[in-house]
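Take a walk through this model, one site at a time. Begin with open space, then turn to the ligand and the backbone.

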Amino acid sequence: MNAFRTGAIAVCAAAALAVFHSRAAEPANIEQRIDALLARMSLEEKLGQMSQTSFGRLTDQRKEEIRKGRWGSFFNGGTPAEKAEAQRIALKESRLGIPVLYGQDVIHGYQTVFPIPLGQSASWDPELVRQAARIAAREASAVGIHWTFSPMVDIARDPRWGRIAEGAGEDPYLGGVMAAAMTRGYQGDSLASPDSIAACAKHYVAYGAAEAGRDYNSAWVPENLLRDVYLKPFQAAREAGIATFMSSFNAINGVPASGNEFTLRQVLRNEWKFDGFVVSDYESVREMIPHGYAADARDAALKGIRGGVDMEMVSTTYWDHAKGLVDAGQLDPKLIDDAVRGILRIKFRLGLFDGREQPVPASEPRPAPEALAIAGKLAAESLVLLKNEGALPLPKTTGKVAVIGFLADSAADQNGTWAMSGGGSTVTPLAALRRALGEDRVVYAQGLKSSADMSRDGFAPAVAAARNADAALLFLGEEASLSGEASSRAYLNLPGLQEELAAEVAKTGKPVILVILAGRPTTFHAVAAQAKAVLYAWHPGAMGGPAITDALLGNSVPSGKLTVTFPRTVGQVPLYYDHLSTGRPAAETGPTASDKFRSKYLDVSFTPEYPFGYGLSYSKFEYSNARASAAQVKLGGRITVSADVANTGQFEADEIVEFYTHQLAGRAARPVRELKGFQRIHLRPGERKTVSFNLSTDSLAFYDTQGKLATDPAAFEAWVAPDSVSGERVTFTVVP
Ligand code: BGC
C-alpha cells in the first residue's frame with residue numbers, strides 16, 4: 001500500500017483502512033529492529049530522536065532539519081499535507097529513514113468536542129468515556145496525528161487549581177478507571193491500527209497537589225500518599241498499556257518531576273516495568289534551572305536524562321549539551337540508548353516504520369452524526385442536578401421561558417479549555433431551547449456580556465425578560481479561559497457581577513432555574529438559595545445545549561454525580577471526601593456551642609456544600625437491605641457486599657450506585673471512606689435491583705510509611721450508597 005497520500009483522498013478511505021487493520025497485531029521483531037537501528041545511529045541522531053518541538057510551518061530550514069534527523073517528534077501544528085511531506089522527507093531522505101511522531105493535545109475530543117474531562121468523569125460511565133476517546137482517536141488519526149497528550153490523570157483536591165477541569169476529580173480509584181478507559185479508547189486494540197493513536201498519561205506526578213492551588217507550584221506529598229493517591233491513576237493507565245508518560249512541571253518534595261529519579265526510574269521503570277517513553281512537559285527540563293535544581297542548561301540536560309525523561313519538549317538542553325556530557329564522561333551513553341529505545345519502540349508499535357498512512361483529507365473532516373450523538377449522551381450523563389424543589393423538569397404548562405446569561409449562548413465557553421479544533425458543530429443552550437420550544441417562547445437577555453463586564457446596563461432587560469416569562473433559566477458560571485492551564489483562581493465564587501444579576505432576577509418572584517457552566521467546583525450558596533433548581537453542566541462540549549435542554553424539559557433525567565467535593569467557601573479548601581478522621585471529629589450536624597474543642601471552623605460548617613458522589617435525579621431511589629456475604633473474610637479472599645436499590649419515583653432513570661469501605665484500625669489511620677466500586681444501573685418506576693460488589697481484600701491494601709503495600713487484618717465498615725456521606729452500612733472483618 002502507498003505509504004503517502006498527498007492528494008485529495010477522502011476520509012472514508014481511511015475509515016475503510018481502519019476496518020481492514022482493526023485486528024492488526026504489533027509489527028514483528030521490534031526489539032531486534034530497534035537494536036539494529038541503534039547500532040547504526042550516531043549520537044546526534046539519537047539526540048534528535050530525544051527532541052521535540054512545535055511544528056510551526058514546513059519551511060526549507062525545517063525540511064533540512066528533518067533530513068538531518070534533528071527532531072524525533074513534532075506537536076501541535078502543521079497541516080496534514082505538511083505533515084505528510086515532512087514524514088516523506090524523514091522516511092525517504094534522512095540517512096536512516098526514521099519516521100517522525102506527531103503529537104497533539106487532543107484532550108476532550110478533536111473535531112467532536114466532548115465535555116471537559118471533569119464533566120466526563122461525572123458520568124461515572126467509563127464505557128462511554130472510552131467511546132469518546134475512540135472517536136477522538138479516529139478523528140485525529142484521520143488527519144495524521146499519531147499521539148495525544150491525554151489522558152490527564154492528575155488527582156486534584158483544590159478547585160482553585162484551574163487544571164482540575166482536565167482530570168477526573170479527586171478520587172484515585174475513579175481516576176484510575178477513567179484513565180484506563182481513555183487509554184483503551186485512544187489506543188484501541190492495537191497501536192498499529194491506522195485509527196489508533198498513542199496516549200500519554202500526564203502530568204507525572206502530583207501536579208494537582210500544587211500548593212495553594214497555584215499552577216506550577218511545588219507539591220509536598222509523603223511517599224505513602226503519593227503511592228496511595230497520586231500515582232494510582234497513572235498505574236491504572238500503565239496497566240491499560242499506555243504508550244507514553246509526560247513528566248510534570250512541579251517539584252515533588254523538592255525534586256522537579258522532570259529530573260525525578262524516584263518517580264521516573266524507581267516507580268515507573270523498575271516497579272511498573274514501563275517500556276514506552278517519557279516526554280517532558282513544555283520546557284520543563286530547562287525549567288529545572290529556575291526551580292533551583294539545575295545550575296545551568298548542561299546540568300538540566302544531565303539531570304533530565306539521568307532522571308528518566310526520554311524526550312525533551314521545546315527546550316533544547318539535550319541537543320545542546322548531551323554530547324558534551326558524554327564526551328566528558330559525565331553521562332553514561334547507555335542512558336541515551338535506553339531513552340531512544342523507548343521512543344523507537346512506540347514508533348514501531350504505531351506502525352510508522354511499516355507504511356502507516358500519513359493521510360491528507362481534502363478538507364478538515366466534520367464530526368460524524370454518530371460522534372455528535374455520543375457527545376450528546378456524554379454531556380447528558382455528566383449533568384449533575386444539585387437541587388430541585390419540584391421546578392424541574394419544567395412543567396408542560398410552561399409558556400414562555402426567560403433565558404438569561406451570556407453563557408447560554410457562548411459556543412467557545414461551552415466547549416471548554418482544550419477545544420483546539422472542532423467547535424463548528426456546537427449547539428448552545430439558547431439555540432437548543434429555541435429549537436425545542438419555538439422562538440416565540442424563548443426570551444433571551446444576556447444580562448452581562450462576560451464575567452469581566454462591570455456594567456449593570458443589561459440587568460433591566462434581564463429582569464424584564466424574567467417578569468414576562470413563567471420561569472427564568474439563569475446560565476451563570478465561568479468562561480472556558482477561567483479554568484485549564486495557568487488559570488488558577490483564589491476565589492471560587494461566580495465571578496464578576498453574576499451573583500448580583502441573579503439576585504435581581506430572583507426578586508421578580510419567578511421560579512429561577514440555575515444552570516452553571518464551569519470548569520471547576522464553584523461556590524454559589526446564596527444564588528442557589530434563591531433558585532428552585534440547580535443543574536451543574538461543567539463545560540459540556542458541542543452537544544451541551546441539546547443535553548441541557550433535554551434535561552430541563554424532562555426528555556432526559558439527570559444522572560451525573562460529583563467526582564469532586566464542592567466546598568461551601570474557598571476557606572475550606574483542600575476539602576475531599578476520603579480524608580482521615582481526627583482525634584476530635586466534629587458532629588456532622590455542624591458547630592454547636594457544646595463541642596468547642598472539635599475539628600471545625602467557628603465561622604462556617606466543616607462539611608461540604610455538596611459532597612463527593614452527590615447528584616439528584618427527577619426520580620427517587622431507595623437503598624435498603626445491605627448485607628455482606630460473610631462476617632469474616634480471609635486475607636487474600638473475596639467478599640460480596642450487596643444492597644437493594646428501588647426506583648420509588650415517577651421517572652425511568654439511571655442511578656449511580658457507589659461502594660465505599662473504611663478500615664477501623666490498623667498500621668495507620670485510614671480515610672473515613674474510600675471508593676472501591678460503582679455501578680450505573682437503570683430502573684423503571686417501581687423497579688428494584690440488587691446491586692452487588694465483589695471485593696478482594698487486596699483492594700484494601702495501602703502503603704505504610706515504610707513504603708510497604710499490605711492489607712491489615714482488621715474490622716471494616718462498608719456502604720452501598722448514593723453518595724460519599726450516606727448509604728446503607730455493613731461491617732465485616734478481615735482475618736489472617
Ligand atoms: C501543558 C501540557 C500540554 C503541553 C503541550 C503544556 O503547557 O502543561 O498539558 O500537553 O503544554 O501543549
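A pocket here is an open set of grid points where a 1.4 Å probe fits, with protein on both sides within 12 Å along at least five of seven lines. Its volume is the space filled by probe spheres set on the points. Keep in mind that this model is predicted.

By that definition, the largest pocket holds about 950 Å³ of space. Its lining counts 36 residues. Look for P172, D228, K232, E674 and A701, which lie nearest the centre of the largest pocket. Several elements each supply at least two lining residues: α8 (172-187), α9 (223-230), α10 (232-239) and β21 (674-683). The top contributor is α8, with six residues. By class, the lining has 18 nonpolar, six polar and 12 charged residues.

Now turn to the ligand. Which residues come nearest to the ligand? Of the 13 around it, they are D105, R163, K202, H203 and D281. By class, the shell splits into six nonpolar, two polar and five charged residues.

For K202, a polar side-chain atom lies 2.8 Å from an oxygen atom of the ligand. For H203, the distance to a ligand oxygen atom is 2.7 Å, again from a polar side-chain atom. In E485, a side-chain N or O atom is 2.8 Å from an oxygen atom of the ligand. How much of the ligand does the protein bury? Taken alone, the ligand exposes 310 Å², and the protein buries 94% of that.

Stay with K202 and H203, and look at the backbone. Most residues other than glycine have a negative phi, and most peptide bonds are trans. The bond that joins K202 and H203 is cis, with omega about -5 degrees. H203 sits in strand β5 (residues 200-204). Another cis peptide bond runs from Y204 to V205, with omega near 5 degrees. V205 is in the loop between β5 and α9.

W124 is a case for phi. W124 is not a glycine, yet its phi is positive, about 50 degrees. Find W124 in the loop between α6 (117-121) and α7 (126-141).

Finish with the aromatic rings. The count comes to 34 aromatic pairs. One of them, F74 with Y102, is stacked: the centres are 6.4 Å apart and the planes 25 degrees. This pair links distant parts of the chain, 28 residues apart. F74 belongs to strand β2 (residues 73-75), and Y102 to strand β3 (residues 101-104).

Notes
Residues numbered from 1 in each chain as written. Predicted model: local features only at pLDDT ≥ 70, side-chain atom pairs only at ≥ 80, totals over all residues. Heavy atoms only, no water. Near = heavy atom within 4 Å. Polar contact = N/O pair within 3.5 Å; in protein donor to acceptor, adjacent residues only side chain to side chain. Areas by Shrake-Rupley, 256 points an atom, 1.4 Å probe, with all protein chains shown as cover. Nonpolar A, V, L, I, M, F, W, Y, C, P; charged D, E, K, R; others polar. 1 Å grid on protein atoms, 1.4 Å probe; cavity = no way out; pocket = protein on both sides within 12 Å on 5 of 7 lines; lining within 4 Å. Helix = DSSP H or I, 4+ residues; strand = E, 2+ residues; numbered from the N terminus. Phe/Tyr/Trp six-rings, centres within 6.5 Å; stacked < 30°, edge-to-face > 60°.
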